[in-house]
Amino acid sequence: QDAPAVPVTVYKAKVEEIDNVINGIGTVDPLQSVTVRPRIDGQVTDIRFTEGQMIEKGSVLLTLDDRELSSALTSAKAKKAQDEAQWNSAKTEAQRYASLAEKGVASASTLEQKNALSEQYAAAVQYDDAMIKSAETQLGFATVIAPISGRTGFKQVDVGSVVSASSTD
């Protein structure tokens with residue numbers, strides 16, 4: 001008896017990559033995970049990443065409107081310049097009164113007042129330096145950077161969104 005005829009299908013062999021898929025139930029957790037939140041309130045002006053993108057530590061993720069913060073920094077610098085001018089004037093006047101007090105033309109109490117005023121402006125300049133550093137720090141917070149290298153997740157905001165430092169989202 002002859003064997004029944006079996007149809008044969010022929011395929012041309014080719015080289016290519018095959019995905020190795022394993023079906024199963026489970027979860028995948030990253031080694032590190034960071035929720036990035038702004039440290040100041042503001043409106044998002046630019047988003048510089050796409051979801052799932054690989055980024056390096058220090059990469060800019062997004063920027064916030066910094067006009068108000070820039071203005072505060074400019075104002076603090078102007079206040080320092082004003083206080084420095086007053087301090088220089090007060091120092092000069094205190095030196096003048098010191099010379100007059102040595103000659104007995106000005107009283108010791110007037111000289112003390114002039115020295116105290118000079119010291120007051122010196123302290124104001126120190127305060128202004130602190131305000132400038134604070135304004136520079138706040139301005140730096142308008143740029144949100146990646147704290148670690150890795151793959152980005154889902155965007156929680158879009159350009160134009162208003163974000164808050166106190167947000168828990």
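Me: What makes D65 and R67 a salt bridge?

Reply: In this predicted model, local features need pLDDT of at least 70, side-chain atom pairs count only at pLDDT 80 or more, and totals for chains, interfaces and linings use all residues. Residues are numbered from 1 along each chain as its sequence is written, and side-chain values use heavy atoms, leaving out hydrogens and water. A salt bridge requires a side-chain nitrogen of Lys or Arg within 4 Å of a carboxyl oxygen of Asp or Glu. The closest N and O atoms of D65 and R67 are 2.6 Å apart, so the pair meets this definition.

Me: Why is R67 called exposed?

Reply: Exposed means over 50% relative accessible area, buried under 20%, and partly exposed in between (1.4 Å probe, protein chains only). R67 has 61% relative accessibility and therefore counts as exposed.

Me: Why are D83 and K79 separated by about one helical turn?

Reply: They are separated in this way because they lie four residues apart in helix α1 (residues 67-102). Helices are DSSP runs of H or I with at least four residues, numbered from the N terminus.

Me: What makes D83 buried or exposed?

Reply: D83 has 3% relative accessibility, so D83 counts as buried. K79 has a relative accessible area of 36% and is therefore partly exposed.

Definitions and conventions
Helix = DSSP H or I, 4+ residues; strand = E, 2+ residues; numbered from the N terminus.
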